[in-house]
2 protein chains.
Amino acid sequence: MNRVFAEVITIGDELLIGQVVDTNSAWLGQNLNPAGVEIKQITSVSDDSAHIVEAIESARKRVDILILTGGLGPTRDDITKNTLATYFGVGLKMDEKALELVRAIFAKHNSPMLDINELQAMIPENCIPIYNDRGTAPGMWFEDKGQIIVSLPGVPYEMKHMMTQFVIPRLTEYFEMPVIRHRTLLTSGIGESYLSKKIEDIELALPPHIKLAYLPSFNTVRLRFSARGNDANTLDKELNKIAEQVKESIGTFLAADSDQSLQQILGELLLEQNATLSTAESCTGGYIAHLITSIPGSGRYYAGSVISYSNDIKEKELGVSASNLKNFGSVSEEVVKEMAEGVRAKLGTTYSIATSGIAGPDGGSKEKPVGTVWVAISGPTGTLAKLLQLHGGREQIIQRAAMAGMDMLRKYFPSTK
Amino acid sequence: MNRVFAEVITIGDELLIGQVVDTNSAWLGQNLNPAGVEIKQITSVSDDSAHIVEAIESARKRVDILILTGGLGPTRDDITKNTLATYFGVGLKMDEKALELVRAIFAKHNSPMLDINELQAMIPENCIPIYNDRGTAPGMWFEDKGQIIVSLPGVPYEMKHMMTQFVIPRLTEYFEMPVIRHRTLLTSGIGESYLSKKIEDIELALPPHIKLAYLPSFNTVRLRFSARGNDANTLDKELNKIAEQVKESIGTFLAADSDQSLQQILGELLLEQNATLSTAESCTGGYIAHLITSIPGSGRYYAGSVISYSNDIKEKELGVSASNLKNFGSVSEEVVKEMAEGVRAKLGTTYSIATSGIAGPDGGSKEKPVGTVWVAISGPTGTLAKLLQLHGGREQIIQRAAMAGMDMLRKYFPSTK
């Protein structure tokens, strides 16, 4: 069985000074792996020609494919492009189609084009251009001594599009890739170490060609099984068998037998029932609404939200009773239930989710420390509330509370998958 | 002037398969730079001894300091520790204080200690231990031929603590560090290439010890000037002078003379005026609310939001007139202004921001294609609306619209910085 290796070389001082977190490399790992390409190393270097060449030469001793991102663009002097042309000993040529695309982008934005923008369409003579309809810098595909060197812009939105549309399909044609199959189970409400304890026997019995990755993200952990081999059918059968064993072991911690987000799963459940949803958010401050409306077509089931950051609004807009606010405080079972019921009635939806808690860093007390969060859901058969004690910084508490609220509603659905 | 260079070597398969985004490296860049240490390269390698040694040997040709993170812990066979002992040709010894700390952690969690946990307190004979009171793996400090090699756990919470408490202070003692000063200007509403054109003369005239980085993110670009020298005062004066020149060149595109986000700036402006804010979001679906409430203390100026995903709610909750919805559609100047005025009146705030648009991928038409977004702000002196034609996918349109809405309010402030 073949193994095909790649190195990711990210270029840019902003990565080295810590101004930008490199998310491109993780995305590349997530997306090259299923295509059969293993990433051997990730190297981040400065906007410096000699340093880029050193990284390229070093990587070529290790791997078959080099993916370079960044260092393209008029304000960077197109350092990567010029370095590659010099490295291969070739000149630059104007690519007419790339030029057209650059012009089209400026026309679309109604902006006059500058000379430096025109230069963006110049590419090294020995490369195949990778056209970029989301930005002005074309990507480049080089073939040299059986190795592939690809250079792409560092802007994630542009890079991802060019990888998906051009680079990955072409790599799978160029190399004889092993077959890699994945099977992902989404779990919710259980931590990584407890999960690993629960499926310990299954994990220990995995054959060497099947690997398991734990992908935690707040309240959820995705279990990704990856199998490498020659035949898709055989691998799928093996993965199915393992997935069934895992499902039996984890019971209701299974949120979905698919690689979906909680907000996608909720959307599907709501559509199936022809039901609608509203939210009343205090401590999550609109983050649940944001996650739900990130899904295309969410307008079909999501009516809207009342974000009640102040108590005043909880009272006036959500009908929370003044006495409950006074007696129990805004972070309480009584108030969060009234919030859920209030928004459901007001916006006339089938279901609702509400949150009220202390995201910190201020506002905590001995009885209700930072991380104390009440979540509630309301629906045709009643209202439920749950107390969470969350850890982490403000951002983590907001995100975990949002996931917990959505997961609570998911579990509420009677015939859930 | 001395320059001191470091390389970060992160160890772990989870980084290469994209399971984990490497945030440690950015943190190290942010925290080593102000101490005078420049990061030359970041290298991520697999849990493999030969690969780790290759990375160490390669890095030692480039830099003075190597910071290794990850690959420590019983489930990883303490790969980094054993690799380093072999690399230096030394044995392991039990460190009594490290052992005490490991025991204390197990006592705290009321867990029985296993033999493999005891082994965690073994360290290579030639290293100085870096004690870890947040986890079970001690860090290691090696001095060899004038170079420093540090190995730390990959858990961010443990690594950061050990860097701040031990490694950075000790590095600044060991090396004669240069002084590094930064100055950041936040610009908004102007693209990177136009900006670079506007400040071209200033950029070309920069002395070699001052570098400029463009850091774009949706509607904003941060300009970060970094100066290196021997005296903080002199550098600050130079940076001040340059900042003033840039400010003069870019006029109102300056959003802030600081390294802040738009939501932080808005928060400060609101607090200064003792003013409050509410939002009415349609296409941005709670994203503005989320950004604003991500800032600690935002409850002092942010009242809340009505997220009106359906027209029904625009009418009922925000007082948008049925005839405007019918005649102009929900994505129109008339409706977005009514939304802004409606939420401001309803929640009783000084200012408000409203959005209504088509985030796609569905819902576009010839007259109003995907990316058509109206944003409005309302305040004591009136209501303003603005039409945007945004590009990108759903997520980008949501993010750009949110930034544009916040920037519009920022510009509205009479005595803005």
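**Conventions.** Residues are numbered from 1 along each chain as its sequence is written, while chains are lettered from A and ligands numbered from 1 in the order in which they are written. Because this is a predicted model, local features need pLDDT of at least 70 and side-chain atom pairs count only at pLDDT 80 or more, whereas totals for chains, interfaces and linings use all residues.

**View 1. The contact between chain A and chain B.** The contact takes 59 residues from each of the two chains, B and A, two residues being in contact if their C-beta atoms, placed from the backbone, lie within 7 Å. On the side of chain B that touches chain A, the elements that give two or more residues are helices H1 (13–16), H2 (24–32), H8 (192–198), H12 and H16, together with strands S2 (37–45), S10 (210–217) and S14 (302–308); helices (H or I, at least four residues) and strands (E, at least two) are DSSP runs, numbered from the N terminus. The residues on this side of chain B divide into 25 nonpolar, 26 polar and eight charged, where Ala, Val, Leu, Ile, Met, Phe, Trp, Tyr, Cys and Pro count as nonpolar, Asp, Glu, Lys and Arg as charged, and the others, Gly among them, as polar. Of the interface residues of chain B, 83% are also interface residues in chain A, so the copies meet through the same surface.

**View 2**

View 3. S2 (residues 37–45) of chain A and S2(B) pair in the antiparallel sense over three bridges, and two strands are taken to pair if DSSP finds at least two bridges between them. Thr43(A) has Thr43(B) as its bridge partner in S2(B), and Ser44(A) stands opposite Ile42(B). Strand S1 (residues 4–11) of chain B pairs with S2(B) in the parallel sense over eight bridges, with Glu7(B) opposite Gln41(B). Nine of the nine residues of S2(B) are buried, so this strand is largely enclosed by the rest of the structure; a residue is buried if 20 or more other C-beta atoms lie within 10 Å of its own, exposed if 12 or fewer, and partly exposed in between, with C-beta atoms placed from the backbone.

**View 4. The open sheet that spans both chains.** Twelve strands form an open sheet with mixed pairing, in the order S6(A)-S7(A)-S8(A)-S3(A)-S1(A)-S2(A)-S2(B)-S1(B)-S3(B)-S8(B)-S7(B)-S6(B). The edge strands are S6 (128–130) of chain A and S6 (128–130) of chain B, each of which pairs on one side only. Within this sheet, S7 (residues 139–144) of chain A runs antiparallel to S8 (residues 147–152) of chain A, the two being joined by five bridges, and Asp144(A) stands opposite Gln147(A) in S8(A).

View 5. Strand S13 (residues 277–281) of chain A pairs in the parallel sense with S14(A) over five bridges, Ala280(A) standing opposite Val306(A). Five bridges also join S13(A) to S15(A), again running parallel, with Glu281(A) opposite Thr355(A). S15(A) and strand S16 (residues 372–379) of chain A pair in the antiparallel sense over six bridges, and Ser352(A) stands opposite Ser378(A) in S16(A). From S15(A), Tyr351(A), Ile353(A), Thr355(A) and Gly357(A) point one way and Ser352(A), Ala354(A) and Ser356(A) the other way, and all are buried. Strand S14 (residues 302–308) of chain A is likewise mostly covered, with seven of its seven residues buried.

**View 6. Helix H11 of chain B and its surroundings.** In H11 (residues 262–272) of chain B, the buried residues are Leu262(B), Gln263(B), Ile265(B), Leu266(B), Gly267(B), Leu269(B) and Leu270(B). These buried residues pack against elements of chain B that include strand S9 (179–188), strand S11 (220–229), helix H12 (287–293) and helix H16 (394–412). Just after H11(B), Asn274(B) takes a positive phi of about 55°.
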